[in-house]
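Me: I would like to go through this structure step by step. Could you help me read it?

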Amino acid sequence: MLDLWYTENWSKNTKFSIKIKEQLHSEQSEFQKIDFFISEEYGRFFTLDGLVMVTEKDEFIYHEMITHVPMATNPNIKKVLVIGGGDGGTVRELTRYNHIEKIDMVEIDERVVKLSQKYLPFTADKLTDSRVTLFFQDGLKFVDECLDESYDLILVDSTDPISVGEGLFTTEFYQNCFRILSKDGILVNQHESPYFEHFAKEMKKAHDKLKNIFPIAKVYQFHQPTYASGHWLFGFASKKLDPITDQKKEIWESFNLKTKYYNSDIHCGAFALPNYVKEKLEK
Ligand code: SAM
């Protein structure tokens with residue numbers, strides 16, 4: 001029997017490995033290297049340029065936390081823009097809200113969507129919802145050219161700020177997001193990790209930029225076992241609403257959504273950061 005392992009570098013001196021049963025697919029798209037695997041421990045998973053994006057076992061954490069925190073801060077959100085998110089997990093969570101009217105998703109790499117629809121139906125199966133419109137283009141360009149200034153929520157479900165994802169961590173991108181958000185608008189973005197130095201540097205840079213543009217710019221944490229160090233962050237930036245003081249607990253709970261990670265206590269608790277993270281963000 002062959003002993004097959006997927007291994008990725010979490011830092012220069014740390015590696016993370018998953019024993020795999022089978023490699024389902026591998027290709028180099030116009031933008032990145034895309035691989036799909038089956039494993040015993042994490043079920044199906046896929047990687048971009050040698051970094052885990054989504055595993056069947058822990059994707060619920062990321063997708064619930066990116067979606068329900070802003071939705072419980074403003075339960076009137078009707079129009080959403082998702083940037084990246086080609087696996088469909090974020091859109092799946094959004095489609096659970098009957099009152100959301102429109103979801104535009106801008107993914108640079110059509111191959112990620114097509115392959116996720118084939119291999120990851122558990123995340124991708126709501127991409128065909130009638131409220132969803134897919135745009136296959138660069139998110140940076142999309143927001144730059146966008147004339148519609150009425151998105152209530154922008155979710156930046158991006159890769160790290162290397163190669164294609166880089167533009168989604170720039171001041172120009174955040175400024176355009178600010179411009180196309182409605183007056184109660186919220187931006188939530190993939191905000192890297194505080195633990196290993198190279199991720200922490202990007203976390204700090206993103207936070208500094210967002211703080212300069214949005215009146216409210218906070219960071220919240222969640223536990224993602226298959227991302228480097230397992231400790232990951234989202235940024236919460238908004239024109240007016242504060243995720244803690246404006247939390248609409250009762251309204252959100254009245255939606256009766258069954259969640260596996262998110263709840264109204266985690267909503268607040270996630271914003272309580274360890275001292276070393278606060279120091280890194282503030283210094
Ligand atoms: N949950 C994931 C994580 O943080 O590891 C993110 C998953 S999602 C697959 C990230 C997606 O962002 C990828 O499919 C990638 O193609 C897309 N992406 C990267 N840069 C982009 C850009 N400039 N515009 C639009 N989509 C982009």
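Me: Which strands does helix α7 lie across?
Reply: This is a predicted model. In the model, helix α7, made of residues 197-213, lies across β10 (181-190), β11 and β12 (231-238). The helix runs at about 150° to β11.

Me: What is the strand order in the open sheet of 7 strands?
Reply: The order is β8-β7-β6-β9-β10-β12-β11, and the pairing is mixed.

Me: Which strands stand at the edges there?
Reply: The edge strands are β8 (132-135) and β11 (216-223). Each has a single partner strand, so one side of each is left without a neighbour in the sheet. On average, neighbouring strands of this sheet are turned by 15° against each other, with direction ignored.

Me: How many bridges join β6 to β9?
Reply: Strand β6 (residues 79-84) and strand β9 (residues 151-157) are joined by 5 bridges, and the two strands run parallel. Within this part of the sheet, Gly-84 stands opposite Asp-157 in β9.

Me: Now for the other sheet. What is the strand order in the open sheet of 5 strands?
Reply: That order is β1-β2-β3-β4-β5, with antiparallel pairing. Here β1 and β5 stand at the edges; each has a single partner strand, so one side of each lacks a neighbour in the sheet. Neighbouring strands of this sheet are turned by 45° against each other on average, direction ignored.

Me: Over how many bridges do β3 and β4 pair?
Reply: They pair over 6 bridges, in the antiparallel sense. As for individual residues, Ile-34 stands opposite Leu-48 in β4.

Me: Changing topic: into which domains is the protein chain divided?
Reply: The chain is divided into domain 1, residues 5-54, and domain 2, residues 59-282. The contact between them takes 21 residues from domain 1 and 26 residues from domain 2.

Me: How far apart do the C-alpha centres of the two domains lie?
Reply: The C-alpha centres of domain 1 and domain 2 lie 23 Å apart.

Me: And what area do they bury between them?
Reply: Domain 1 and domain 2 bury about 2100 Å² between them, and 70% of this is on carbon and sulfur atoms.

Me: Which three residues of domain 1 supply more of its buried area than any other three?
Reply: They are Trp-10, Phe-31 and Val-54, which supply 30% of the area that domain 1 buries against domain 2.

Me: How many salt bridges are counted between the domains?
Reply: The count between domain 1 and domain 2 is 1 salt bridge. Glu-27 forms a salt bridge with Arg-111, and their closest N and O atoms are 2.8 Å apart.

Me: Which elements give two or more residues to the side of domain 1 that touches domain 2?
Reply: Those elements are β1 (5-11), β2 (14-28), β3 (33-39), β4 (43-48) and β5 (51-55). The largest share of that side, 5 residues, comes from β2.

Me: One last topic. How many salt bridges does the structure hold?
Reply: The structure holds 22 salt bridges. One of them is the pair of Arg-111 and Glu-27, whose side chains meet at 2.8 Å, N to O.

Me: Which parts does that pair tie together?
Reply: Arg-111 lies in helix α3 (residues 110-119) and Glu-27 lies in strand β2, so the pair ties together parts that are 84 residues apart in sequence.

Definitions and conventions. Residues numbered from 1 in each chain as written. Predicted model: local features only at pLDDT ≥ 70, side-chain atom pairs only at ≥ 80, totals over all residues. Heavy atoms only, no water. Pairing = 2+ DSSP bridges. Helix = DSSP H or I, 4+ residues; strand = E, 2+ residues; numbered from the N terminus. Axes fitted to C-alpha atoms, helices over the stretch in contact; angles between N-to-C directions. Contact = heavy atoms within 4.5 Å. Domains from an automatic or database assignment. Buried area = accessible area lost by both parts, 1.4 Å probe. Salt bridge = Lys/Arg side-chain N within 4 Å of Asp/Glu carboxyl O.
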